[in-house]
Amino acid sequence: MGTLLGIAYRDGSRLPMREIDATRISLDAGVARDFRGQKRGPRQVTLLCAEKWHAACAELGIELPWTTRRANLLVNGLPIGAECVGRTLRVGTALLRITIETNPCGRMDEQYRGLKRALLPDWRGGACCEVLEDGDIAVGDPVQFIN
């Protein structure tokens, strides 16, 4: 079992991430107020593993804020990789299905030179999820696979 360490959203493309302590995840909006979540499908919510983020930062020799990655959820204690595709996660009272790896894009190097390369191995860039069931989430909530 893991723990939800952070929640963030953005109002639009290229706009800064905004961290919040609690929110709602829904089929219609993904993470509430996040512009990308309004498009239903395999990339509705993005999830980043704290341990893998720290490994990428260690490779670069710098500790960057997790929101630099531009993901919605930061979790620890839960290894996410290719073997997790299709599995369902309970985050707070919401259900998410892991669909694909979040491939790092050129925007990462705009954030910090070399970040894209550091995020490439071992799903360090995180996972994309689709919302299966609406629910409320808050920092500190347990995160666990239910299948």
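How many positive and how many negative side chains does the protein chain have, and how far apart do the centres of the two sets lie? The protein chain has 20 positive and 18 negative side chains, with 6 Å between the centres of the two sets. Lys and Arg count as positive and Asp and Glu as negative, while His and the chain ends are not counted; each charge is placed at NZ of Lys, CZ of Arg, CG of Asp or CD of Glu.

This is a predicted model, in which local features need pLDDT of at least 70, side-chain atom pairs count only at pLDDT 80 or more, and totals for chains, interfaces and linings use all residues. Residues are numbered from 1 along each chain as its sequence is written, and side-chain values use heavy atoms, with hydrogens and water left out.

**Fold and dimensions**
- The protein chain contains 3 helices and 11 strands, taken as DSSP runs numbered from the N terminus (helices: H or I, at least four residues; strands: E, at least two).
- Read from the N terminus, the order of elements is β-β-β-β-β-α-β-β-β-α-α-β-β-β.
- The C-alpha trace spans about 40 × 30 × 25 Å along its principal axes.

**Burial, surface and contacts**
- Of the 147 residues, 52% are buried (buried: under 20% relative accessible area; exposed: over 50%; partly exposed: in between; 1.4 Å probe, protein chains only).
- The protein chain exposes about 6800 Å², of which carbon and sulfur atoms supply 49%; areas come from the Shrake-Rupley method with a 1.4 Å probe, and for residues only the protein chains shown count as cover.
- Among contacts (heavy atoms within 4.5 Å) with a separation of 6 or more, 72% link residues 24 or more positions apart.

**Cys49**
- Cys49 belongs to strand E5 (residues 45-49) and is buried, because its relative accessibility is 6%.
- Leaving out residues up to four places away in sequence, Cys49 touches Leu74, Val75, Leu78 and Ile80.
- From Cys49 to Arg24 the C-alpha distance is 20 Å, at 25 residues apart in sequence.

- Arg70, not a glycine, has a positive phi near 70° and sits in the loop between helix H1 (50-60) and strand E6 (73-76).
- Arg70 has a relative accessible area of 10%, so this residue is buried.
- Asp122, also not a glycine, has a positive phi of about 55° and lies in the loop between helix H3 (115-119) and strand E9 (127-133).
- Asp122 counts as exposed because its relative accessibility is 55%.
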